[in-house]
Amino acid sequence: TVLVVDFGAQYAQLIARRVRECHVFSEIVPSTMPAAEMLAKRPKAIILSGGPASVYAEGAPVVPEGLFDIGVPTLGICYGHQVMAQALGGTVENSDVAEYGGATVAVASPGMLFAGLPHEQAVWMSHRDFVSSAPAGFTVTASTDVTPVAGMEDLDRGFFGVQFHPEVLHTQHGMEILRRFLYEGAGCRPNWTMVNIADESIEAVRERVGEKRVICALSGGVDSAVAAALVQRAIGDQLTCVFVDHGLLRKGEPEQVEKDFVAATGVNLHVVDAQERFLSALDGVTDPEEKRKIIGREFIRVFEEAAREIVHGGAGSAGEPAEPVEFLVQGTLYPDVVESGGGTGAANIKSHHNVGGLPEDLQFKLVEPLRTLFKDEVRALGEQLGLPAEIVWRQPFPGPGLGIRIIGAVTRDRLDILRDADAIAREELTRAGLDRDIWQFPVVLLADVRSVGVQGDSRTYGHPIVLRPVTSEDAMTADWAKLPYDVLQRISTRITNEVREVNRVAVDITSKPPGTIEWE
Ligand code: XMP
């Protein structure tokens, strides 16, 4: 493993992903972790991340004591470069001139990291402090007009530092520099591949679960599907998946889970048709938060009942004595783990992330086979496990489903209208080849709004549909997607022609903030 020491969250995750793109496993650790604990993870290399602090600021994060004495090759990036220089006897200075954005470094002496690369290269900088003199034993490898020590290395001790950010795409040769550090500087081998990841994760699940029974709630989303497929591969019929059909899914989605997913994995599936139950619980409710609460609550109840039934009825293999279910599969991803402190103990279940937040009295132990993976890695793993592209490349979809895309009370009729309109929008997006450019494409029915129209020479008084295509990296911020006019036009024409009750189509052109992605 390669340890990425985190001096400021948004930098560390990107570095960790880039290391993995070099097919070397990486793990993020806080800069407060003692060196001995880091050493116990037996790292092949250490990378000190960038961070927002100045090394001179009060309370600025420091390198764990003794880290430079444990004999592990280390690369410092930006702030990491500065703390390395400072800790080993170099000088870091404050500057009046900041260097933000693109810059050009001149290679003074190629050393190991710059060997074979052009003398001048474009890099991405983001700093004010700078290293003015490298510690004894180091060679200065690169500099810019403002930064005398933009690169340095001490090959004898295996220490490297760069002031710029090799993990950012704007740094022309960033990945090559990173690869050189990993392969040549630290002797890492590129053996972290999807095949190996799948094999190792399957083995780990077998070891953790043994002969015990396991349950998993399928939402239809990517994470729970991949987690379930992996666990199925590991333990077969010891796993039972529960799929609660709450009637708020999009067209074709229940079938995707019930047929395609089962066909691809052979998983033991327990479907609960709870459509009536959710509809009557939502009857007449218009307040968004109220809807969310009801859907979450009903979901937990239905899941709980199903779990009890499975525990007591020994679902799956008929006739066998019931054996308690000990484990619950959870599709937790690495960013959640990092953001909640990176602990290895019982995971805290994020209500936004999983299917509704599960009842405590069920007392399951968790199996979280994706907790070391980033989203794009989960998709790759899903493909490796043979899941259909429609499942692996599904857009994120909120737990409360179409329930929060009908503005007004939820009824069966309104759900059918929205499902039809949504299916058309998705079909046309796919036909235009734009699926992977769009983060999410909510389609919203303004059920309590009517407007006048004219169709086939007669007056209509129907409902508007709002299209809400957005681009985003992580759903925290988003921009409205500039879909080509001809795609919008086809969607609009088809929806007004094919979906009864809809006589108007609008496009939402609000970014987030100030709007959220969903309307409720
Ligand atoms: P907003 O609307 O807050 O949504 O911009 C951000 C992202 O979260 C999704 N979302 C949910 N996901 N349960 C979920 O699992 C929920 O209750 C929920 N509400 C919103 C939304 O689709 C978007 O991707």
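Modeller: In what follows, angles under 35 degrees count as roughly parallel, over 145 as roughly antiparallel, 65 to 115 as roughly perpendicular and the rest as oblique. Axes are lines fitted to C-alpha atoms, for helices over the stretch in contact, and angles run from 0 to 180 degrees between N-to-C directions. Helices (H or I, at least four residues) and strands (E, at least two) are DSSP runs, numbered from the N terminus. This is a predicted model, in which local features need pLDDT of at least 70, side-chain atom pairs count only at pLDDT 80 or more, and totals for chains, interfaces and linings use all residues. Residues are numbered from 1 along each chain as its sequence is written.

Biologist: At what angle do α5 and α6 cross, then?

Modeller: The axes of α5 (residues 194-209) and α6 cross at roughly 65° and come within 8 Å, and α5 and α6 are therefore roughly perpendicular to each other. The crossing of α5 and α6 is right-handed, where right-handed means that the near helix is turned clockwise from the far one by less than a right angle, and left-handed that it is turned anticlockwise.

Biologist: Which residues of α5 and α6 meet?

Modeller: On α5 they are S201, I202, V205, R206 and V209, and on α6 they are L230, V231, R233, A234 and I235; two residues are in contact if their C-beta atoms, placed from the backbone, lie within 7 Å. By class, this contact of α5 with α6 has seven nonpolar, one polar and two charged residues. Ala, Val, Leu, Ile, Met, Phe, Trp, Tyr, Cys and Pro count as nonpolar, Asp, Glu, Lys and Arg as charged, and the others, Gly among them, as polar.

Biologist: And how does α6 pack with α11?

Modeller: Helix α6 (residues 222-235) packs with α11 (residues 375-384) at about 45°, their axes being 10 Å apart, and that angle makes α6 oblique to α11. Their crossing is left-handed, and the contact is formed by V222, D223, A225, V226 and A229 from α6 with V378, R379, L381 and G382 from α11.

Biologist: What about α13 and α14, parallel or antiparallel?

Modeller: Helix α13 (residues 412-431) and α14 (residues 485-498) pack at about 150° with axes 9 Å apart, and they are therefore roughly antiparallel to each other. The crossing of α13 and α14 is right-handed. In this contact D420, A421, I424, A425 and E428 of α13 face V487, R490, I491, R494, I495 and E498 of α14, which by class gives six nonpolar, no polar and five charged residues.

Biologist: Changing topic, how many residues surround the ligand?

Modeller: Twelve do, and the closest are P398, G399, T516, I517 and E518, a residue being near a molecule if its C-beta atom, placed from the backbone, lies within 6 Å of it. By class, the shell around the ligand has five nonpolar, four polar and three charged residues.

Biologist: Which peptide bonds are cis?

Modeller: The bond from K512 to P513 is cis, with omega near -15°, and so is the bond from P513 to P514, with omega near 5°. P513 is in the segment after β22 (502-507), and P514 is placed in the segment after β22 too.

Biologist: What is the phi of C78?

Modeller: C78 is not a glycine, yet its phi is positive, about 55°, and C78 is in the loop between β4 (74-77) and α3 (79-87). Most residues other than glycine have a negative phi, and most peptide bonds are trans.
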